[in-house]
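Please look over the model below before reading my notes.

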Amino acid sequence: MAAPPALPLPPAAGGWREGDPAGRRSWVALDGPLRLESGATLPGVRLAYETWGRLAPDGGNAVLVLHALTGDSHVAGPAGPGHPSAGWWDALVGPGRALDTDRWYVVAPNVLGGCQGSTGPSSRRPDGTPWGADFPYLTVRDQVAAEARLADALGIGRWAAVIGGSMGGMRALEWAVGHPGRTGSLLVLAAPAAASAEQIAWGSTQIAAIRNDPGWRGGGYHDAAPGAGPHLGLGLARRIAHVTYRSEAELAARFARRTQPGEPPSRGGRYQVESYLDHHAAKLVRRFDAGSYVTLTEAMNGHDVGRGRGSLARALRRADMPALVAGSDTDRLHPLSQQAELAALLPGSDRLRIIESPYGHDGFLIETGQVGDLVRELLPSL
């Protein structure tokens with residue numbers, strides 16, 4: 001019997017790094033330091049982003065697309081130099097597609113704190129040393145504040161639409177509530193108004209898996225030798241997360257209790273579902289930074305669009321633009337009840353839209369036909 005494959009050893013810090021191919025990325029260096037909600041200041045911030053289409057002379061055709069936790073700016077296009085994965089919504093962006101680039105100017109930034117070109121824990125400080133453990137705590141509002149500065153740099157005063165799913169949906173909500181005058185319309189997919197206790201529990205468990213890896217070194221591993229980073233902890237975090245992203249019914253139908261060929265569990269082998277999780281862990285470890293995973297998960301755990309704004313209902317009343325809210329009917333991470341709350345409280349939303357999918361939370365990424373219909377419903381009236 002062949003032994004189960006070991007998790008491949010990646011560089012100490014995954015993700016895009018100086019000297020890697022740029023691919024389709026462009027960069028904006030923010031003008032001046034970024035003051036964070038915590039009171040800390042982040043100097044030398046830059047955001048990576050990609051665009052499709054052409055900006056109209058009046059800037060009125062710009063659409064902001066915001067990625068989920070381990071996504072990036074590469075919404076559309078093939079994998080290749082600079083882009084470890086193909087576009088995560090490739091079917092939605094391009095001529096004649098839901099985000100028709102003959103009409104719309106689509107902008108997708110890599111989130112602040114990420115690791116695909118934007119400033120994050122694996123980035124270098126002005127003195128040339130990696131941020132590592134000293135990278136400050138971020139909130140979703142901090143991330144949106146950086147994106148607002150990106151919009152300023154691009155000459156975009158108001159987005160025709162802001163669209164996001166999961167963590168991207170959290171940022172889209174913050175755009176709508178914090179910058180209603182700059183958000184022409186809103187599409188929120190598979191995201192809550194505030195992280196629930198269960199969601200915080202799942203996120204904290206993943207953070208603990210990374211921080212308890214000896215390779216974490218208190219977050220100061222970015223100059224370690226190749227293979228010395230917290231790749232085992234990051235892989236475990238990904239396994240935990242991926243179970244929450246899919247539905248029980250899909251896993252049962254796809255894998256049942258079948259074992260990997262030639263790997264009986266009685267002799268140390270794996271079930272097929274274990275092999276599936278190992279595969280996704282290995283993929284993420286090769287392309288993502290553990291420090292960014294911790295930073296972004298902490299931001300998601302802290303998400304509460306009503307914080308400091310009187311109440312959730314009062315906060316959402318500020319977002320008076322046309323809005324669509326949708327969720328997957330099998331999502332066990334961000335269940336439909338959370339999207340139903342948003343749909344009921346957002347002034348511009350008439351009802352909850354439901355994405356029918358066996359794929360759980362990942363339905364918003366996989367069911368591009370249904371998501372495309374929602375995009376077309378939102379955009380034609382603009």
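**Notes on the predicted model**

1. An angle under 30 degrees would count as stacked and one over 60 as edge-to-face.

2. The pair of Trp16 and Trp27 links distant parts of the chain, 11 residues apart. Trp16 lies in the segment before β1 (26-29), while Trp27 belongs to strand β1. Trp16 has a relative accessible area of 10% and is therefore buried. Trp27, at 26% relative accessibility, counts as partly exposed.

3. A further pair is formed by Trp131 and Phe135. Their ring centres are 5.8 Å apart with the planes at 90°, so this pair is edge-to-face. Trp131 is buried, with a relative accessible area of 10%, and Phe135 is buried as well, at 9%. Trp131 also has a charged neighbour: the charged end of Arg125 sits over its ring, 5.3 Å from the centre.

4. Which residues of helix α5 are buried? In this helix, residues 248-255, they are Glu250, Leu251 and Phe255. These residues cover an arc of only 95° around the axis, so they are on the same side of α5. As background, an α-helix has 3.6 residues a turn, so residues three or four places apart point the same way.

5. What do the buried residues of α5 pack against? Their partner is α6 (272-287). On the other side of α5, Glu248, Ala249 and Ala253 are exposed.

6. Just after α5 comes Ala256, with a positive phi of about 50°. Ala256 is a residue other than glycine, and its place is the loop between α5 and α6. At 47% relative accessibility Ala256 counts as partly exposed, because the cut-off for exposed is over 50%.

7. Arg217 is not a glycine either, yet it has a positive phi of about 55°. Where is Arg217 found? The answer is the loop between α3 (197-211) and α4 (231-245). With a relative accessible area of 53%, Arg217 is exposed.

Key: Residues are numbered from 1 along each chain as its sequence is written. This is a predicted model: local features need pLDDT of at least 70, side-chain atom pairs count only at pLDDT 80 or more; totals for chains, interfaces and linings use all residues. Side-chain values use heavy atoms; hydrogens and water are left out. Helices (H or I, at least four residues) and strands (E, at least two) are DSSP runs, numbered from the N terminus. Buried means under 20% relative accessible area, exposed over 50%, partly exposed in between (1.4 Å probe, protein chains only). Rings of Phe, Tyr and Trp (its six-membered ring) pair if their centres lie within 6.5 Å; planes under 30 degrees apart count as stacked, over 60 as edge-to-face and the rest as tilted. A charge sits over a ring if NZ of Lys or CZ of Arg is within 6 Å of the ring centre and within 35 degrees of the ring normal. The arc is that of the directions from the helix axis to the C-beta atoms. Contact means heavy atoms within 4.5 Å.
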